[in-house]
Amino acid sequence: MNMLAIFWGTLRDILPIVAIIFGFQYLVIRKPVKRFLKVAVGFFMVWVGLSFFLIGLEQALFPMGELMASQLTHPDFLPAMTEGAQRHWSDYYWVYIFAFTIGASTTIAEPSLIAVSIKAGEISGGTINPFTLRLAVALGMAFGITLGAWRIVMGLPLQWFVLGAYCLVIVQTLRSPKSIIPLAFDSGGVTTSTITVPIIAALGLGLASSIPGRSALMDGFGMIALACLFPIITVMGYAQIARWQSNRPSKIQPLSGTSVTKPHQGDTHAL
């Protein structure tokens with residue numbers, strides 16, 4: 001894709017946002033923008049940064065994701081099998097390992113998740129550990145992408161996976177600490193952002209194009225949907241485990257004729 005075309009297309013995408021913000025500022029609020037020069041420079045940096053990011057997607061992330069998928073599913077790389085036999089889903093174990101590791105690593109490095117986890121730690125007064133929250137989200141993302149890769153290998157319909165995941169989310173929402181539910185849902189949304197989405201999309205399309213009998217249109221998409229759901233499940237699951245451990249009675253029995261004070265119960269909503 002032409003670099004000038006990318007810069008021009010990004011500018012056209014940003015201009016409506018700029019028009020709405022400044023339109024509300026001058027026509028509705030009717031006040032001048034504070035530090036206008038700083039804001040203008042910031043919008044310019046956003047335009048240039050997004051343009052270079054799109055160029056990087058086209059030249060690096062998308063090609064590498066599709067290349068890894070084609071290499072991991074190539075007949076020369078997969079285990080040998082007898083002529084006429086049908087390949088088993090377990091032969092693609094390197095695909096599952098790659099999907100799990102790339103899902104976890106990209107989530108840990110996701111800027112949106114880092115920002116949300118830091119804010120959650122600040123607002124909770126240290127009750128929520130930002131890195132622990134990122135680990136819980138990364139585990140859910142890794143599992144969701146791995147399940148999506150297995151679905152493509154098997155050729156199973158996406159709707160049953162999404163329906164089952166939503167049923168589990170509903171059950172967990174009813175039984176999880178109320179203070180963690182909004183954060184869990186936001187954590188599932190911010191994971192699919194600038195770094196993870198291009199790699200997941202490229203991996204799904206590459207798998208569907210490389211595995212015989214799969215359609216890139218029917219089977220290649222849908223991994224992002226699972227990647228959004230399972231971080232919600234893991235964050236609420238971790239909160240439920242933390243509450244169960246904090247409410248579990250102590251196993252230490254007091255000696256005869258002595259008394260011990262009841263241990264302090266931790267915050268049941270803490271991560």
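Q: In this predicted model, at what angle do the axes of helix 3 and helix 5 cross?
A: Two packed helices are described by the angle between their axes and the distance between the axes. Here the axes of helix 3 and helix 5 come within 8 Å. The crossing is right-handed. Its angle is roughly 150°.

Q: How many residues of the contact of helix 3 with helix 5 are nonpolar?
A: The contact residues fall into three classes. One is charged and three are polar. The nonpolar ones number 17.

Q: What span should helix 4 have, at 1.5 Å a residue?
A: Helix 4 runs over residues 111–123, which is 13 residues.

Q: What arc do the buried residues of helix 4 cover around the axis?
A: The buried residues of helix 4 are Leu-113, Ser-117, Ala-120 and Gly-121. They sit on the same side of helix 4, because the arc they cover is only 100°.

Q: Which exposed residues does helix 4 carry on the face turned away from its buried side?
A: The buried residues of helix 4 are covered by parts that include helix 3, helix 5 and helix 7. The face turned away from the buried side carries the exposed Lys-119, Glu-122 and Ile-123.

Q: Is Arg-30 buried or exposed?
A: Arg-30 lies in the loop between helix 1 and helix 2. Its phi is positive, near 60°, though Arg-30 is a residue other than glycine. Its relative accessibility is 68%, so Arg-30 counts as exposed.

Notes
Residues numbered from 1 in each chain as written. Predicted model: local features only at pLDDT ≥ 70, side-chain atom pairs only at ≥ 80, totals over all residues. Heavy atoms only, no water. Helix = DSSP H or I, 4+ residues; strand = E, 2+ residues; numbered from the N terminus. Expected span 1.5 Å × (residues − 1). Buried < 20%, exposed > 50% of the residue type's maximum accessible area, 1.4 Å probe, protein only. Arc of directions from axis to C-beta. Contact = heavy atoms within 4.5 Å. Axes fitted to C-alpha atoms, helices over the stretch in contact; angles between N-to-C directions. Left-handed = near helix turned anticlockwise from the far one by under 90°. Nonpolar A, V, L, I, M, F, W, Y, C, P; charged D, E, K, R; others polar.
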